[in-house]
Amino acid sequence: MGALLESINSPADLKCLSLAQMSQLAEEIREFLIQTLSKTGGHLGPNLGVVELTLALHYVFNSPSDRFLFDVSHQSYVHKIVTDRRERLDTIRQPGGLNGFMLRTESEHDCYGAGHAGTALSAALGMAVARDMDGGTENIIAVAGDAAFTNGISFEALNNIAEQTRRLIVVLNDNEWSIDRNVGAIARYFHRIVTNEHYQHLHDFSKRVVQKIGGETAVKVIRRAEEAAKGMLWPSMLFEEFGLQYFGPIDGHNLPLLVETFKFLKNLDHPVLLHVLTQKGRGFQPALDLQKKFHGLGPYDPETGKTASGQPTWSEVFANTLSDLANQDSRIVAITAAMPNGTGLDLFRPHHPKRYFDVGIAEEHAVIFAAGMATRGFRPVCAIYSTFLQRAFDPIVHDVALQKLPVLFCMDRAGLSGDDGPTHHGLFDIAYLRGIPEMVLMAPADEDDLADMMKTALTLPGPSAIRYPRGPVPGVARKQNLEVLPVGKARIVADGSDVAILGLGHMLPLATELAARLESEGYSAAVINPLFIKPLDAETLGHFADKVAVFVTFEDHVRMGGFGSAVMEALEEIGSNLPVVRIGWPDRFIEHGKVDALRQKYGLTVGDAYRQVIPLLSRRQRRTLVAS
Ligand SMILES: Cc1ncc(C[n+]2csc(CCOP(=O)(O)OP(=O)(O)O)c2C)c(N)n1
């Protein structure tokens, strides 16, 4: 670790540095990030891009009394480093370690938690208005990426800012990238500002001004910097119309310029937007070459950037299957909300470029857009992570289901996300989709199931959803042809008469393992792959209710309102009062960590199921003995 970096334990330490030392510190932080994240994984590219920006913010403002909000907050590692978490950066995303996003419980400097995009401006405005009502004086600064401005909430906030407060600083951190290239009219608009030749002139001018004032006395520096900042004013109609004075675009890696600009903006009595240009992945060639990959990744080689290549993922199977299905049906279209890489759709894009739509970070729009296409006879497939689809609950109900439109939701990252933590766990989708009339809801146990479910869904007259987890598929030997599954029919994997064990989706192996353990102790255990969460196979449940003493359900979802709850409701409806041992996540937010360890901690193991089921089975035996 660099010598300067070792001396930084709080924002106050930064303020003792000269600007030249700060520039040196920026390079040390970059090296520290590259080395540390090579072992932990994490959002390297975005953080390399905001080193100077974050240092300048902490240099000029006083955290925690002044408040910084980072949109998504995947780019808050530098903020963590300078706010007393440098020594724990090597624990980031590790069990018991630092969270990969801002977390209010982690530090007094994390004034607002996030993980989903588009929230920074609204939350910052809420804080500003609360400050004004309380007669407070602190500064509130929202830092949001260019892609965060493709999100509706950011614009809902913009629409409201000038009416509500006179003091709010919005920083637009423009690197032209979302995870993939940023898309849409807003992205093009930012690009036009940046490539405007008049701006180039201003940019050179401002650079010269800052270079000139670099060595002067503090008073002169401030006065001239004000002039410089005013000189850089380049009215941007869009933000000015929203009532925010627009400054920029300025070089987001020029520390003196950033510092002087923030000093100037700090004293204004009206809301402002500062447009800074940064380079995602700055200082690490592999991250500059492979922007998408280095947005966020697992461990890598800190010299070459190489990562271990693994077996196919659920996302890849999804995307390849969709490409094949689209070859046969020209009405199939694929929609992503800024996640072509994560959902696998960037594999679909080259095969069907005209039937691929990246709508930006705009899940609500994605779903309503899909609904619109479906009214014209298209078969839209929305590939959206389970956690981000939460945003689109109302459009799913109001636009898709209510109108019985055949939109398929492929929910990637359903289940525990692991390292990313509670903002990204996909643990609620069954609960939020199960109660929607018309919805067909499925969970595959392996890649064949996933492909069959997709084929099935694309024959249905109404909405459907498939949930599958992050990571590699089980790797079964694939069958030749896809099948249309009978809707609402479970698959009996093994018959049995004492206990019926239902393993939903990728939890099926736990059901099989529990059955083997019970069988080895003389019990007869049935294993069922439910395939469908809705409609649930009441007939199969009824069949087993007549012979077994207990049901067990395994699901990678919260127990409350989940698959096990659905089984209980279905049993109650057929008049059965058999006990159901439900294995799933408890009614609390689950921290980040390794999936296996968290399953152990929260009771999602075969052993936990066994301990609960044995007393219920023994009671039955005792009853049988008494009866005979
Ligand atoms: C609602 C929502 N949808 C999708 C994502 C996934 N996501 C995380 S960061 C990101 C791109 C953010 O780009 P930008 O705001 O420009 O910041 P940068 O990473 O470029 O600094 C996306 C799409 C998310 N966090 N939240």
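Modeller: A cavity here is a set of grid points where a 1.4 Å probe fits but cannot get out, and a residue lines the cavity if the residue has an atom within 4 Å of one of those points. The model is predicted, and the values below are computed from it.

The lining is made up of Ala490, Leu502, Ile528, Pro530, Phe532, Leu536, Asp537, Thr540, Leu541 and Val567. Sorted by type, this lining has eight nonpolar residues, one polar residue and one charged residue. Next to some of these positions in the numbering is a cis peptide bond, which joins Lys534 to Pro535 with omega near -5°. Pro535 belongs to the loop between strand β15 (532–534) and helix α24 (538–545).

How many cavities of 30 Å³ or more does the structure hold? There are five of them. The largest cavity has a volume of about 70 Å³. Its lining consists of Arg131, Asn139, Ile140, Arg166, Arg167, Leu168, Ile169, Leu265, Lys266, Leu268, His270 and Val272. By type, that gives six nonpolar, two polar and four charged residues.

A pocket, unlike a cavity, is an open set of points. The second largest pocket holds about 290 Å³ of space. It is lined by 16 residues, and those closest to its centre are Pro469, Arg470, Pro472, His506 and Arg599. The lining of this pocket divides into nine nonpolar, four polar and three charged residues.

Next comes the ligand. Which residues come nearest to the ligand? Of the 23 residues around the ligand, the nearest are His74, Gly115, Ala117, Trp177 and Glu363. A polar side-chain atom of Glu363 is 2.7 Å from a nitrogen atom of the ligand. A polar backbone atom of Gly115 lies 2.9 Å from a ligand nitrogen atom. For Trp177, a backbone N or O atom is 2.9 Å from an oxygen atom of the ligand. On its own the ligand exposes 590 Å², and the protein buries 98% of that area. The shell around the ligand has eleven nonpolar, eight polar and four charged residues.

Is helix α5 buried or exposed? Ten of the ten residues of α5 (residues 51–60) are buried, so this helix is largely enclosed by the rest of the structure. A residue counts as buried when its relative accessible area is under 20%. The buried residues of α5 include Leu53, Leu55 and Leu57, along with Glu52 and His58.

The peptide bond between Ser63 and Pro64 is cis, with omega at about 10°. Val72 is in the loop between β1 and α6. Its phi is near 65°, which is a positive value in a residue other than glycine. Val72 has a relative accessible area of 16%, and therefore it is buried.

Ala338 is not a glycine, yet its phi is positive, at about 70°. It sits in the loop between β6 (332–336) and α16 (340–343). With a relative accessible area of 5%, Ala338 is buried.

Last, consider a pair of residues from separate parts of the chain. Ser38 is in helix α3 (residues 19–40), while Asp90 is in the loop between α6 (77–85) and α7 (120–134). Along the chain they are 52 residues apart, and their C-alpha atoms are separated by 9.7 Å. Why does Ser38 count as buried? Its relative accessibility is 6%, and the cut-off for buried is under 20%. Asp90 has a relative accessibility of 49%, so it counts as partly exposed. The side chain of Ser38 also reaches the backbone oxygen of Gln35, at 2.6 Å.

Notes. Residues numbered from 1 in each chain as written. Predicted model: local features only at pLDDT ≥ 70, side-chain atom pairs only at ≥ 80, totals over all residues. Heavy atoms only, no water. 1 Å grid on protein atoms, 1.4 Å probe; cavity = no way out; pocket = protein on both sides within 12 Å on 5 of 7 lines; lining within 4 Å. Points joined across faces, edges and corners; volume = space filled by probe spheres on them. Nonpolar A, V, L, I, M, F, W, Y, C, P; charged D, E, K, R; others polar. Near = heavy atom within 4 Å. Polar contact = N/O pair within 3.5 Å; in protein donor to acceptor, adjacent residues only side chain to side chain. Areas by Shrake-Rupley, 256 points an atom, 1.4 Å probe, with all protein chains shown as cover. Buried < 20%, exposed > 50% of the residue type's maximum accessible area, 1.4 Å probe, protein only. Helix = DSSP H or I, 4+ residues; strand = E, 2+ residues; numbered from the N terminus.
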